[in-house]
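Subject: Structure handover

Hello,

Here is the structure I said I would pass on. Please open it next to this message and find the residues as you read.

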Amino acid sequence: MTSIIDKIEIRNILTMRYDPRKKSSLNLALPSDFSPPIHDFNGSKIEKLMINSFTKQFCEPPKSISVSMSGGIDSTLALGILRKSLPSTKIIVLCGVFDGAFDESIVAKKIADTFDADFKIIEMPSIFTDLPKIISITKKPKWNSYIYTIAQSAKKYSNYLITGDGADEVFGGYNFRYNKFLNLLQPHDTWKNKVINYLECHNKDWVPDQPQMFGSAIKFHWEDIFNYFKPYFQNSLKPLQQVMLADFNGKLVHDFVPLGKLTSDYYNIKNFSPYLDSDVVKTGLRLPLNQKYDRNTNKGKIVLRKISKRLGINYIDEKLGFSPGLLYAWKKNGRDICQEYIMKKNSYIFKKKLINHNWVLRAYEAVESDGNTRYLTRLISLIALEIWYRMYISNEIKPHHKL
């Protein structure tokens with residue numbers, strides 16, 4: 001059980017969603033990993049490497065494999081390549097649906113039928129009422145491990161779960177961020193200017209008055225955060241390659257990959273993404289920018305699109321899910337849980353001077369008055385911090401407890 005509070009980790013999680021000081025099973029990328037360039041105009045090299053990734057993963061075809069499906073290009077192409085690699089294996093497609101969020105299951109089912117896969121809709125529980133269970137997966141004050149329901153369901157059908165993790169980071173999928181970053185970019189920007197612009201492209205993870213959120217026990221300085229990103233923007237790469245380097249070494253290495261491993265280990269299931277195969281990553285990172293992102297059309301993952309087109313694979317072009325409808329969940333039960341756990345001055349996060357109570361009151365008003373989602377995500381993170389404390393420090397809450 002946890003007995004020591006790592007205040008720097010709390011600061012980092014509440015500002016970036018992860019702690020870059022922690023080790024991961026996926027190695028950090030280096031600027032040198034982006035050169036020399038490898039051209040793959042029609043995607044044939046990447047397609048072969050993805051097929052080989054499944055061949056390497058499975059010494060012999062398993063009887064069944066589960067696939068986490070959203071309907072976007074990442075999971076759809078992974079399913080298509082999997083079926084091409086293992087034509088006789090039973091595939092079970094799992095599609096998570098959140099109450100009050102965009103429902104991709106209709107399209108996802110059509111895709112599953114195309115590849116002769118069974119299809120299961122997974123009703124996702126409330127991120128608020130299930131916070132103790134969510135936190136128990138990572139044992140960290142984080143709330144984004146709600147994907148545990150997919151792994152839990154996958155285990156019923158197979159010992160393997162295929163995901164589309166890493167496609168965005170390796171092949172240039174964050175087109176909305178690239179466009180914003182390039183619009184902010186100036187000819188003589190320093191590394192710090194670029195880091196500030198980069199963080200602005202991730203502004204759902206922090207708020208304008210971020211320093212005021214913390215109590216006196218946590219020392220917050222933006223310079224400390226900037227320095228984590230300095231190596232990614234103080235090098236000879238092109239600015240957009242620097243962004244891709246930061247994306248890879250940020251949430252992918254320190255959040256998505258550890259989360260996937262912890263979740264699959266929790267349910268004793270093997271989690272695998274063809275996009276994170278070492279050969280796929282090595283080649284994908286070296287693709288020239290024009291084979292990843294087209295600024296004129298603001299489309300990303302150009303090579304993956306070409307593979308999908310050649311194989312006749314259809315997908316949702318601009319994916320809207322797989323994420324909870326936060327404001328809907330807030331109104332349904334999140335508001336009441338917030339009032340119970342972090343609106344009172346006797347909450348641990350205030351008594352231990354980790355968080356500023358007056359800031360929470362102001363953030364609550366911002367959410368209630370205009371539905372500000374940036375402040376809402378911070379409030380959810382603070383509820384997670386309070387629940388984490390009551391689970392692993394004061395030992396008052398158990399993982400199976402429903403809020």
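The notes below go through the strands, the core, some backbone angles and a pocket.

This is a predicted model, in which local features need pLDDT of at least 70 and side-chain atom pairs count only at pLDDT 80 or more, while totals for chains, interfaces and linings use all residues. Residues are numbered from 1 along each chain as its sequence is written, and side-chain values use heavy atoms, with hydrogens and water left out.

Strand S1

Helices (H or I, at least four residues) and strands (E, at least two) are DSSP runs, numbered from the N terminus. Strand S1 covers residues 64–68, and five of its five residues are buried, so the strand is largely enclosed by the rest of the structure. Buried means under 20% relative accessible area, exposed means over 50%, and partly exposed is in between (1.4 Å probe, protein chains only). In a regular strand the side chains alternate between the two faces of the sheet. Ser64, Ser66 and Ser68 point one way from S1, while Ile65 and Val67 point the other way. S1 runs parallel to strand S2 (residues 90–98), and five bridges join them. Two strands pair if DSSP finds at least two bridges between them.

A nonpolar core is a set of buried Ala, Val, Leu, Ile, Met, Phe, Trp, Tyr and Cys residues joined through side-chain atoms within 4.5 Å. The largest one has 131 residues, and Phe229, Phe233 and Ile355 touch the most other members. Helix H18 (residues 373–392) gives the largest share of this core, 13 residues. Contact means heavy atoms within 4.5 Å. Leaving aside neighbours within four places in sequence, Phe229 is in contact with Met16, Tyr18, Val195, Tyr198 and Leu199.

Ile13 is found in helix H1 and counts as buried at 7% relative accessibility. Not counting residues up to four places away in sequence, Ile13 touches Tyr18, Asp19, Pro141, Lys142 and Arg378. Ile13 and Lys142 are 129 residues apart in sequence, and 7.5 Å apart in space from C-alpha to C-alpha.

Backbone angles

Most residues other than glycine have a negative phi, and most peptide bonds are trans. Which peptide bond is cis, with omega near -10°? It is the one from Ser35 to Pro36. Pro36 lies in the loop between helix H1 (7–16) and helix H2 (44–57).

Arg17 is in the loop between H1 and H2, and its phi is positive, near 85°. Arg17 is partly exposed, with a relative accessible area of 24%. Asn268 also has a positive phi, about 55°, and lies in the loop between H12 and S5. Asn268 is exposed, at 58% relative accessible area.

The second largest pocket

A pocket is an open set of points on a 1 Å grid over the protein atoms alone, where a 1.4 Å probe fits, with protein on both sides within 12 Å along at least five of seven lines; lining residues have an atom within 4 Å of a point. The second largest pocket is lined by 18 residues, of which Ser25, Lys270, Asn271, Phe272 and Leu276 lie nearest its centre. Helix H12 (239–266) and strand S5 (270–272) are the elements that give two or more residues to this lining. H12 gives the largest share, six residues.

Regards
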